[in-house]
Amino acid sequence: MAPTLNGLLAVWIFTLNIDAAFSMDITVPTDPVYGNMGSSVDLPCKYSTSTIEKGFNVEWRFAAPGTLPINAKRMLYFDGQLYQINSLRGRMQLLQDPPTGGIASVRIIDLQPSDSGVYICEVINPGDWSGTGLGVINLTVLMPPSPPECRVTGNTLVGNDVTLSCHSSQGVPQPIYTWTREKTAAQIPVPEANMVQDQLSGSLLLRNLSYAFNGPFQCRASNEIGAASCTVNIRVSTSNAGVVAGAVMGALLFLLLLAGVAGYVFWYRKNHPKAPTVGNDIREDAVAPSFKTPRHDYEETESHLLSRSLDRHETASHASSRFTAVV
């Protein structure tokens with residue numbers, strides 16, 4: 001029994017030595033790797049192997065956030081010659097070329113937000129016992145907040161509540177939002193209980209508005225990389241309910257006034273009828289009076305004048321005769 005156990009132990013130790021001597025061992029960072037947008041970052045990947053055999057190759061693959069590693073896309077490949085593929089073409093390079101000295105690390109230059117994700121380093125050496133070594137690295141590209149957008153939700157009327165919102169479309173880590181009132185000469189203090197802000201969502205609740213809230217409010221979005229801000233101006237006014245009520249009352253009073261004037265005119269016409277006008281009314285069906293020339297009177301006058309002229313002539317003739325006789 002003892003020789004048998006000793007033999008098994010010897011075989012086991014021999015197997016471990018062979019596995020250590022001929023297996024592929026990959027070393028990559030266990031913690032996430034961070035890099036600032038626009039800068040460069042190194043992704044370490046070291047391996048240990050016995051000897052480099054024919055068919056040795058190194059491959060780097062990339063899986064965007066939300067993509068399974070099994071669906072990762074090939075970005076760089078070396079099998080005696082270097083190949084760069086997809087969006088990192090020209091921006092990913094080997095730190096050791098060729099990567100045959102135990103270092104398969106790469107460097108990415110001019111980091112972009114789209115470079116964040118999972119990178120897989122795979123080294124294949126057919127002469128090794130296990131044949132393949134695999135390492136996974138999480139890369140996060142840090143960037144400052146983009147210029148935020150400020151908005152006002154609600155009616156800025158006296159007594160109302162409104163919400164100011166602030167949001168940056170980009171920023172890693174997640175930006176923190178801080179609202180402040182810009183100082184002005186005519187600024188009136190506002191109780192802190194009337195201003196409630198959430199630095200994670202970027203909202204600011206203004207309660208029970210009054211004229212003291214008038215003025216600019218600034219939102220600052222910030223993280224470890226940088227900051228950006230936006231401003232919104234608050235103008236509090238009185239409720240428009242009184243204006244609407246006044247307009248309605250004015251319209252009603254105007255209608256009542258018109259009704260009163262119309263009633264008075266009707267009463268006046270009823271109690272003071274219009275007197276008829278004599279001689280001036282012309283009926284449409286009346287016959288125009290005929291016009292006669294006073295011919296008869298003219299003829300009588302003419303005859304009378306002629307008779308008097310003849311009488312005067314006869315008298316003159318008679319007097320002449322008498323005068324002749326006397327002579």
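Mentor: Cys166 is joined to Cys219 by a disulfide, S to S 2.1 Å. To count as a disulfide, a pair of cysteine sulfur atoms must lie within 2.5 Å. Keep in mind that this is a predicted model, where local features need pLDDT of at least 70, side-chain atom pairs count only at pLDDT 80 or more, and totals for chains, interfaces and linings use all residues. Residues are numbered from 1 along each chain as its sequence is written, and side-chain values use heavy atoms, with hydrogens and water left out.

Trainee: What's the handedness of the Cys166 and Cys219 link?

Mentor: Left-handed, with -85° about the S-S bond. The pair links distant parts of the chain, Cys166 in strand 13 (residues 162-167) and Cys219 in strand 17, 53 residues apart. Strands here are DSSP runs (E, at least two residues), numbered from the N terminus.

Trainee: Are Cys166 and Cys219 buried or exposed?

Mentor: Both are buried. That means under 20% relative accessible area, against over 50% for exposed and in between for partly exposed (1.4 Å probe, protein chains only).

Trainee: How many disulfides does a search of the whole structure find?

Mentor: Three. Another one joins Cys150 to Cys230, S to S 1.8 Å, and that link is right-handed, with 75° about the S-S bond. Cys150 sits in strand 12 (residues 149-153) and Cys230 in strand 18, 80 residues apart.

Trainee: And Cys45 with Cys121, what's the torsion about the S-S bond there?

Mentor: About -75°, so that disulfide is left-handed. The sulfur atoms of Cys45 and Cys121 are 1.9 Å apart, and both residues are buried.

Trainee: What pattern do the disulfides follow?

Mentor: 1-2, 3-6, 4-5, counting bonded cysteines along the chain.

Trainee: What stands opposite Cys219?

Mentor: Trp179.

Trainee: Last topic, then. How many residues are in the largest nonpolar core?

Mentor: It has 27, and Leu43, Trp60 and Met92 are among those with the most contacts inside it. A nonpolar core is a set of buried Ala, Val, Leu, Ile, Met, Phe, Trp, Tyr and Cys residues joined through side-chain atoms within 4.5 Å. There's also a second, separate core of 19 residues, including Leu164 and Phe213.

Conventions:
Pairing = 2+ DSSP bridges. Helix = DSSP H or I, 4+ residues; strand = E, 2+ residues; numbered from the N terminus.
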